[in-house]
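Good morning, and thank you for coming. Please look at the model on the screen while I go through its two chains and the contact between them.

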Amino acid sequence: MLAEYTGVLVILVLGVVVACAMLGIHLLLGPRRKFAGKHEPFECGESQIVSPRRRYAVKFYMVAILFVVFDVEAIFFYPWGAVFQDLGWFGFMAMFIFTIPLAIGLIYEWMKGGLEW
Amino acid sequence: MIPAPDLNLSVLLPIILVAIGSMTILMGEVLLSRADTVLGREVTESFIGTVLAGTAIFFFALTLWASGVAFAGGGVQVFNPDNPMYQLDPFSSFVTAVLALSALLSCALSITYLSELRINHGEYYALIMLSASGMMLMVAAVDLIAVFLGLELMSIPIYVLAGFDRRKLRSNESALKYFLIGSFASAILLYGMALLYGVSGGTSFEALRAGFDADNPMALVGLGLVVVGFAFKISMVPFHQWTPDVYEGAPSAVTAYMSVTVKVAAFATLIRLLAMAFGPLEASLETIFWVLSALTIVVGNIMAIIQENVKRMLAYSSIAHAGYLMIGLVTGTIEGYSAMIFYLIAYTFMNLGAFGVVVALANRGNDCERIASFAGLARTRPGLAAVMALFMLSLAGIPGTAGFMGKFKIFMAAVNSGDIWLLIIGVLMSVVSVYYYLRIPVLMYMREPEDESHRTEIASGEGAVLVVCALAVLALGLFPNRVPTLLFGDLDVLDWANRSVGMFFGG
């Protein structure tokens, strides 16, 4: 059964050998000269003028937190919608009660200014 | 048509009450902060905080009453008979009552402290209520999934609370440390639960008990991982490293809350897990708990000696107390479990009281944290010094206090089940603990005051909490089987503790 995959094995081995050979040949034969230009950003782009390692405001985390409210809602609403008729009043009331805390979360976020950025 | 399950909502009544309370507070915070005046009073930040703290206290009092009524009624009810996830029984209602009481006291303790720090927001009380509802879910759970849900609902708000003083670096550091280590512990716990599920084919405690095979290495690994997960939460040695840092960095009022309630909830869940799910395994578990308990008692007490910060000292002392409590788990008898429950109640009052004094001394957010700053307190603040001395004596286990009664019951259970060596370690280390506990009364009464940086007047909420804790410590120490109260007559706390765990032994 495994014999069917011999071809795949050959390709895998060949791939590894070729990749290693390519890198190895460069390592052996390539000239290595150091000069200042090599430490510059390569070819494209500008040289940096300020350090990129500083703190900046990530507004998107607000969106991410807000998304959780709707995400959880959606996860439960899809299967609920699929069997809505079969669940009857019990299912309706259960979902109604479930949405109340979610709605409160949304109202809280909204009134506290979480949606203004 | 899918038949509607036959749900028994009264089982979750305490939890529903607390959850409604937290949502009410969130909405109240939003509405009040938009209003200018309410009933002719100007709306200020501390006014909002006080009103919402009152709301939280009201809901906790309701919960306390509801679970008290359920406990008096006795009997076992399940939430959903087809799939028993939560169970209302004497054990869960009693522990829920203890949790509600300690959360109520923590709320009353926090008001002035938070106002001084300028963080008296409604969210604080909403988070306290959310985490309390998680604890209550956890102690009522009879299914691993329900336990995990409760554990996360308990932990996540506490991570936020630890960093509630968000302008302070130390508070942030404490929250981050607690969050990282806590999530790590949750992952370990979940891994263990998954293995247990794989072994027994079910997540309910009943299925675990039926399908558990102690010869299967996978079952033992799963059990071990679950124990490690809980060990992180109740800070057993060697899983205790986070405790001093988190307790020190969090605002003192939060430390008071989490040092008490998390321990009560996690120990109660462990008792239920051991009694209901792993009954047949006690022989192999006993050794694990024996070693953990001995290590926890020794390391907790010895490390507490060298601390110079009150909050760190109390953190190590809480580790040591977790060690004493685990002696009850080692015995595995009804006597041991009921002693644990009694000890947890005693610990609640004395530890809340000790942290309460630290809170009451904090001056405009500068915690009076150095042990040396207690010097001469008896002269400047005689009342506070007296209750602090009482709490320290109780934590050390001096007769006449709740701490002595708790230790006595625990050690008695150890004697009766033959764990003499553990008893010897416990008693010897109690002697060691007297040294660092009594340092504070010695400083307060026998040294001259050195700095006057602490607060000079006490707020009514703090005063009430300290008086309640001090009276409870005395009453539980002097007459544990008939605590006199004005409203309810004499309370037999020892009998309650017995009755709450009796259900695990067919009582």
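What share of the contacts in chain B with a separation of 6 or more comes from residues 24 or more positions apart? The share is 78%, where two residues are in contact if their C-beta atoms, placed from the backbone, lie within 7 Å.

A word on conventions. This is a predicted model, in which local features need pLDDT of at least 70 and side-chain atom pairs count only at pLDDT 80 or more, while totals for chains, interfaces and linings use all residues. Residues are numbered from 1 along each chain as its sequence is written, and chains are lettered from A and ligands numbered from 1 in the order in which they are written.

I continue with chain B. Chain B has 19 helices and 6 strands; helices (H or I, at least four residues) and strands (E, at least two) are DSSP runs, numbered from the N terminus. Its radius of gyration is 22 Å, close to the 23 Å that the globule rule gives for 507 residues, so chain B is as compact as a globular protein of that length. That radius is taken over C-alpha atoms, and the rule is 2.2 Å times the number of residues to the power 0.38. Of the 507 residues in chain B, 58% are buried, meaning that 20 or more other C-beta atoms, placed from the backbone, lie within 10 Å of the residue's own.

Helix α13 of chain B, residues 334–361, deserves attention. In α13(B), 27 of the 28 residues are buried, so this helix is largely enclosed by the rest of the structure.

The largest nonpolar core has 196 residues, and B:A56 and B:M388 touch the most other members. Such a core is a set of buried Ala, Val, Leu, Ile, Met, Phe, Trp, Tyr and Cys residues joined through C-beta atoms within 7 Å. Its largest share, 20 residues, comes from α13(B). Leaving aside residues up to four places away in sequence, B:M388 touches B:A354, B:V357, B:I440 and B:M444.

Chain A has 3 helices and 0 strands. The radius of gyration of chain A is 29 Å, well over the 13 Å that the globule rule gives for 117 residues, so chain A is more spread out than a compact globule. In chain A, 0% of the 117 residues count as buried. Its average pLDDT, the predictor's confidence in each residue from 0 to 100, is 84.

Finally, the interface: 7 residues of chain B are in contact with 11 residues of chain A.

Conventions: The expected span of a helix is 1.5 Å times one less than its number of residues. A residue is buried if 20 or more other C-beta atoms lie within 10 Å of its own, exposed if 12 or fewer, and partly exposed in between; C-beta atoms are placed from the backbone.
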